[in-house]
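Here is the note you asked for on this model. The points are numbered and can be read alongside the structure.

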There are 2 protein chains.
Amino acid sequence: MDAAEFRKRGKEMVDYVADYLEKIEKRQVFPDVEPGYLRPLIAQCAPQDPESFEDVFKDIEKIIMPGVTHWHSPYFFAYFPAASSFPALLADMLCGGIGCVGFSWAASPACTELETVMLDWLGKMVNLPEEFLAGKDGKGGGVIQGSASEATLIALLAARTKTIRQVQSEKPELTEAEIMGRLVAYASDQFCATLGTTPCCSFDKLLELGPICNKENIWMHIDAAYAGSAFICPEFRHLLNGVEFADSFNFNPHKWLLVNFDCSAMWVKKRSDLIGAFKLEPLYLQHHHQESGLVTDYRHWQIPLGRRFRSLKLWFVLRMYGVKGLQEHIRKHIRLSHQFEHLVLQDERFEICAKVVLGLVCFRLKGSNELNEALLKSINGAKKIHLVPCHLREKFVLRFAICSRTVESTHIEFAWQHISQLATDLLKTWVQNHHQQ
Amino acid sequence: MDAAEFRKRGKEMVDYVADYLEKIEKRQVFPDVEPGYLRPLIAQCAPQDPESFEDVFKDIEKIIMPGVTHWHSPYFFAYFPAASSFPALLADMLCGGIGCVGFSWAASPACTELETVMLDWLGKMVNLPEEFLAGKDGKGGGVIQGSASEATLIALLAARTKTIRQVQSEKPELTEAEIMGRLVAYASDQFCATLGTTPCCSFDKLLELGPICNKENIWMHIDAAYAGSAFICPEFRHLLNGVEFADSFNFNPHKWLLVNFDCSAMWVKKRSDLIGAFKLEPLYLQHHHQESGLVTDYRHWQIPLGRRFRSLKLWFVLRMYGVKGLQEHIRKHIRLSHQFEHLVLQDERFEICAKVVLGLVCFRLKGSNELNEALLKSINGAKKIHLVPCHLREKFVLRFAICSRTVESTHIEFAWQHISQLATDLLKTWVQNHHQQ
């Protein structure tokens with residue numbers, strides 16, 4: 001395929017993606033396929049000779065789409081939102097076209113420098129303490145990781161390296177293994193200090209944890225993977241109070257800030273802590289600017305060596321939505337979760353299981369776990385909407401997460417009517433069965 | 001931005017990317033900017049109100065492009081190739097549009113199933129032993145990681161977990177920390193068993209290492225990040241002999257197989273070894289098929305939880321190039337590296353520093369390291385082509401890597417003429433300076 005054909009096919013693909021997202025509501029949110037559905041539809045080996053774009057293109061609807069769970073359907077209320085927006089898709093096309101691998105400043109200066117500045121923009125949007133920003137000569141700064149898990153791992157490894165060096169300087173007779181055997185990572189049952197846990201969007205008390213960590217010289221990492229995006233709204237920023245005690249902080253714009261996966265934003269107060277743990281300097285990656293202290297080589301901040309030009313997505317989204325546009329998006333989702341909460345509360349058969357703070361509602365039928373498992377099975381079996389459950393203090397609970405960028409009040413009403421009807425049907429059978437027993 | 005505007009802007013972006021790649025030769029391969037160039041060109045904070053696409057779009061040429069190292073220029077001979085092709089760009093647009101997060105089978109069955117089948121296709125292309133393939137009921141299989149570093153880390157962690165459990169079952173009195181302190185990871189100065197090292201593309205002797213590893217019950221991981229793509233050509237497949245002794249194998253289609261970053265292919269003989277180390281089962285990620293043993297939940301195979309639909313890139317590229325098209329690409333690169341090697345050998349001032357096996361030529365002026373450092377400085381200062389150096393047995397060596405998809409014989413000739421002329425100029429001054437001293 002040459003550039004001329006790419007122009008033609010690229011435009012067809014733009015239309016396909018626009019059609020897909022514009023009409024996604026008409027697709028069944030969860031697929032009908034059974035495990036192993038795809039292999040028989042596909043050749044056993046790669047073809048020897050090239051196939052045409054048309055051949056591949058027609059297989060998208062035939063082979064791929066029947067097995068897709070439509071995360072951007074307004075009837076998708078499972079897990080947490082996966083961000084998606086048109087500006088981010090445009091930026092990703094540019095990212096692919098440039099196709100640089102930004103492991104060092106010299107490998108593509110724009111890739112590194114835009115990332116540093118975008119993380120400063122984003123840090124200011126959630127009002128992070130100045131120490132986390134790079135600015136012109138700060139000691140902190142931000143980096144884009146692939147996921148919150150990677151950010152947590154990086155923080156853990158940096159903390160471990162820092163602590164081992166410190167202990168070794170005090171007690172040089174101890175081996176690294178001996179020190180490691182004595183290290184402790186404190187965590188709740190969601191790990192590290194979390195703002196907005198996945199099961200029920202609960203918040204750890206940073207203002208209590210933070211001072212203890214600082215006093216005891218414990219690295220504090222805060223994971224706000226989902227909730228972090230909400231902190232761009234002043235009325236939710238108080239949930240981040242206590243971040244000033246932390247050593248590192250992370251949230252995922254790829255969850256709730258309309259930046260397509262992957263874009264996990266991580267900040268540290270002392271970049272030297274990360275670099276100390278991961279520095280890698282073979283000659284082929286050295287360049288004459290690095291001695292100056294002026295440049296950032298992001299390969300020292302992460303597990304992989306290679307990295308894409310992901311800050312373009314942030315740049316496009318932050319500029320083309322503006323802070324106000326993004327705040328509107330967050331506020332709409334939170335308004336819709338409260339709408340659902342109110343609908344649940346009006347029905348005496350149901351209960352709300354955790355405080356609704358952001359875009360997640362945890363609810364269940366008053367009754368046994370089995371009853372609620374049956375309700376979820378009935379909901380996901382009907383495939384008109386899609387939810388996943390969680391456990392809260394041994395109770396089986398349904399999670400209703402506001403996810404899609406295009407979800408509106410009417411979808412929430414539909415979802416509730418549907419759940420309510422399925423509950424009525426279920427309870428009829430359930431009572432009969434119980435009577436028979 | 002709504003779907004209608006995306007249709008318009010998306011097509012403009014397709015043209016921009018096509019223009020960029022079609023005319024990339026006319027851009028200076030390495031940028032003129034100094035560290036910190038970007039920050040003054042950009043606002044200090046994200047805008048409150050949305051900006052138009054035009055505003056953002058015109059800043060690409062104004063702010064971004066002046067700081068881009070053009071990895072796809074046919075004058076780029078640095079590092080290793082970063083794969084790029086039009087079919088991969090199209091697939092990535094689709095990947096972004098679908099925007100699913102495939103951490104489990106149920107999260108998007110197509111995302112998981114296409115990946116498993118594509119890794120089988122690719123495994124067959126390099127003629128991996130059957131045990132590494134998933135097939136319908138194999139114990140092995142493949143996964144797409146973000147980078148070779150992640151694949152190595154995964155292999156290391158899986159090996160560690162497996163060994164610790166084994167030792168614990170034999171000596172239950174030992175703590176995990178005590179066992180860890182005694183574990184050894186054997187590596188050369190490139191780590192693990194490597195096929196095609198980055199400095200000089202050398203090859204470890206798998207046929208000697210493998211039997212020792214198997215006998216001593218040592219996990220053998222093979223990293224063929226760059227070289228692996230060449231094994232799709234029967235004439236280079238012998239370089240992979242010995243892979244039958246390995247537990248895990250990895251190479252990067254995103255380097256040399258025309259699949260845009262990121263797409264690092266990893267295979268294991270026993271998927272249970274990975275899953276044993278990383279299994280994570282909160283209720284919200286469980287689904288009713290997982291107990292059946294029929295499905296793959298790729299979150300257990302990797303560090304991150306989230307994952308994009310990256311196998312689409314493989315599917316598009318393998319089908320639209322065909323095995324033959326990809327073999328041609330590899331063979332062209334290797335032919336060009338030998339062309340460059342011959343040019344170097346005809347000039348008595350120069351020497352070749354490592355056997356040219358694939359697409360990398362290591363060469364230097366006969367003389368001191370300082371002389372060669374000066375030559376590289378002069379080459380990269382002129383910015384007509386771009387190279388990086390390496391150290392081989394204390395010698396400072398220039399690496400000439402065939403990188404661009406569109407590089408041709410004429411570019412090699414130009415590059416050599418240019419290097420040769422700069423060497424002539426340099427040697428004149430160098431001799432004069434030596435005389436004066």
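1. In chain B, helix α5 (residues 148–170) and helix α9 (residues 271–278) have axes that come within 9 Å and cross at roughly 85°. α5(B) and α9(B) are therefore roughly perpendicular to each other. The structure is a predicted model, and every point below should be read with that in mind.

2. The residues behind this contact can be listed. α5(B) contributes B:Ile154, B:Leu157, B:Ala158, B:Thr161 and B:Lys162, and α9(B) contributes B:Asp273, B:Leu274, B:Gly276 and B:Ala277. By class, the contact of α5(B) with α9(B) holds five nonpolar, two polar and two charged residues.

3. Next, the relation between the chains. Two copies of a chain are related by a rotation about an axis and a shift along it.

4. How many residues of chain B are in contact with chain A? The count is 108 residues of chain B, in contact with 108 residues of chain A. On the chain B side, at least two residues each come from α1 (3–22), α2 (53–64), α3, α4 (109–125), α5, α6 (176–182), α10 (311–345) and β8 (388–392). α1(B) gives the largest share of that side, 14 residues. The side of chain B that touches chain A is made up of 65 nonpolar, 24 polar and 19 charged residues. Of the interface residues of chain B, 100% are also interface residues in chain A, so the copies meet through the same surface.

5. One helix pair spans the two chains. The axes of helix α3 (residues 86–98) of chain A and helix α3 (residues 86–98) of chain B come within 10 Å and cross at roughly 155°. That angle makes α3(A) roughly antiparallel to α3(B). The crossing of α3(A) and α3(B) is right-handed. A:Leu89, A:Asp92, A:Met93, A:Gly96 and A:Gly97 of α3(A) make the contact with B:Leu89, B:Asp92, B:Met93, B:Gly96 and B:Gly97 of α3(B). The residues of this contact fall into four nonpolar, four polar and two charged.

6. Chain A has an open sheet of five strands in the order β1-β5-β4-β3-β2, with mixed pairing. β1 (141–145) and β2 (193–194) of chain A are at the edges with a single partner strand each, so one side of each is left without a neighbour in the sheet. β1(A) runs antiparallel to strand β5 (residues 264–268) of chain A, and five bridges join the two. Within this sheet, A:Ile144 has A:Ala265 of β5(A) as its bridge partner.

7. Chain B has an open sheet of four strands in the order β6-β7-β9-β8, and the pairing is antiparallel. Its edges are β6 (350–352) and β8 of chain B, each with a single partner strand, so one side of each is left without a neighbour in the sheet. From one strand to the next the twist averages 40°. Strand β7 (residues 360–365) and strand β9 (residues 395–401) of chain B are joined by four bridges, and B:Cys362 has B:Arg399 of β9(B) as its bridge partner.

8. Two helices pack on that sheet. α10(B) touches β6, β7 and β9 of chain B, and its direction makes about 15° with that of β7(B). Helix α11 (residues 369–382) of chain B touches β7, β8 and β9 of chain B, and its direction makes about 30° with that of β9(B).

9. Some backbone details deserve a look. Most residues other than glycine have a negative phi, and most peptide bonds are trans. The bond from A:Phe261 to A:Asp262 is cis, with omega near 5°, and A:Asp262 lies in the loop between α8 (253–256) and β5 of chain A. In chain B, the bond from B:Phe261 to B:Asp262 is cis, with omega near 0°. A:Glu394 is not a glycine, yet has a positive phi of about 70°; A:Glu394 sits in the loop between β8 (388–392) and β9 (395–401) of chain A.

Terms used
Residues are numbered from 1 along each chain as its sequence is written. Chains are lettered from A and ligands numbered from 1 in the order in which they are written. This is a predicted model: local features need pLDDT of at least 70, side-chain atom pairs count only at pLDDT 80 or more; totals for chains, interfaces and linings use all residues. Two residues are in contact if their C-beta atoms, placed from the backbone, lie within 7 Å. Two strands pair if DSSP finds at least two bridges between them. Axes are lines fitted to C-alpha atoms, for helices over the stretch in contact, and angles run from 0 to 180 degrees between N-to-C directions. Angles under 35 degrees count as roughly parallel, over 145 as roughly antiparallel, 65 to 115 as roughly perpendicular and the rest as oblique. A crossing is left-handed if the near helix is turned anticlockwise from the far one by less than a right angle, and right-handed if clockwise. Ala, Val, Leu, Ile, Met, Phe, Trp, Tyr, Cys and Pro count as nonpolar, Asp, Glu, Lys and Arg as charged, and the others, Gly among them, as polar.
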